[in-house]
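Colleague: Hi! I'm new to this one. Could you walk me through it?

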Amino acid sequence: MLLKALLDILFPPLCHCCRAFIPGRAEIHLCPACMGTIRVIDSPLCPVCGVPHARKGGIDHLCGTCLTATRPFDRARSALGFDGPVQDLIHRFKYGKKAHLSRPLGLLASRFLEGLRTDAAADLIVPVPLHDRRLRARGFNQAQLIGAVVAKRWGIPLSADNLRRIRWTEPQTGLAAADRERNVRGAFEVVRPERFEGRRLLLVDDVFTTGSTVTECARALKTAGAREVSVLTVARALS
Ligand SMILES: [Zn+2]
Ligand SMILES: [Zn+2]
């Protein structure tokens, strides 16, 4: 503890985004200015897919898509809008191979998604898997690192080896919604269904764009017999 205090004086924490000194002893190293530009996703939102409604005030209600389509997941929530410093952090985390950024991202998600923690009442946290080839190229699975932070914070076991990506898929970036769905169809498999049967699962990924990846994962988890599948993503692309 004393050593930590001494280190903080000698090497004061810097903001992950702008490198400004962080005053005090914040757990998440984001300066007040950067923190202030982060868009936290709040009600009113769609209780199924979690998309925030443009009109502020009022209560949660289904979005147009969830009114007609059936979703294989029971609820999906994202903590933050995918723009500004959040987009920058996630970009550096994934493509700049800054694995340590999983910690602030996971802590932000657990801080702002307490409601999901209660509603999901998850038995296990299941990160969206990467294909072995992409895992080798990147060096880590970003969803697994974020999932590990949330798992530790919320005291839920992490199950990172039972949902597998069995088919190579091209990156979803730049694909239209329909192409994204086609791209990931049948890409996931549960290795040992009995481990997920009757369980309440919390699927974790970094970004929710059109939701096609988590939808396909949730389908595989439900097929394996999961009782409920909730989805946590740190950020969400907002139009
Ligand atoms: Zn900053
Ligand atoms: Zn919806």
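Modeller: Happy to! Let's start with one residue: Cys-66 is buried, with a relative accessible area of 9%. Keep in mind that this is a predicted model.

Colleague: Thanks. What does Cys-66 coordinate, and along with which residues?

Modeller: Cys-66 coordinates the zinc ion (ligand 2) through its SG atom, together with the SG atoms of Cys-46, Cys-49 and Cys-63, at 2.3 to 2.4 Å.

Colleague: And how are those donor residues spaced in sequence?

Modeller: They follow C-x2-C-x13-C-x2-C. Cys-49 sits in the loop between helix H2 (32-37) and helix H3 (64-68), while Cys-66 is in helix H3, so this pair ties together parts 17 residues apart in sequence.

Colleague: Is Cys-49 buried or exposed?

Modeller: Cys-49 counts as buried because its relative accessibility is 2%, and the cut-off for buried is under 20%.

Colleague: What about the geometry at the zinc ion (ligand 2)?

Modeller: The site is tetrahedral, with angles of 105 to 115° among the four donor atoms.

Colleague: Let's switch to the zinc ion (ligand 1). Which residues are its protein donors?

Modeller: Those are Cys-15, Cys-18, Cys-31 and Cys-34, each through SG, lying 2.3 Å from the ion. Along the chain their spacing is C-x2-C-x12-C-x2-C. Cys-15 and Cys-31 link distant parts of the chain: both are in the loop between helix H1 (2-10) and H2, 16 residues apart.

Colleague: Are Cys-15 and Cys-31 buried or exposed?

Modeller: Both Cys-15 and Cys-31 are buried.

Colleague: Why is the arrangement around the zinc ion (ligand 1) called tetrahedral?

Modeller: Because its four donor atoms subtend angles of 104 to 116°, and the cut-off asks for all angles between 85 and 135 degrees.

Technical notes
Residues are numbered from 1 along each chain as its sequence is written. Chains are lettered from A and ligands numbered from 1 in the order in which they are written. This is a predicted model: local features need pLDDT of at least 70, side-chain atom pairs count only at pLDDT 80 or more; totals for chains, interfaces and linings use all residues. Side-chain values use heavy atoms; hydrogens and water are left out. Donors are N, O and S atoms within 2.8 Å of the metal (3.2 Å for Na, K and Ca); water is not among the atoms, so sites may look incomplete. Four donors count as tetrahedral if all angles lie between 85 and 135 degrees; four count as square planar and six as octahedral if opposite donors are over 155 degrees apart and all others between 65 and 115; anything else is irregular. Helices (H or I, at least four residues) and strands (E, at least two) are DSSP runs, numbered from the N terminus. Buried means under 20% relative accessible area, exposed over 50%, partly exposed in between (1.4 Å probe, protein chains only).
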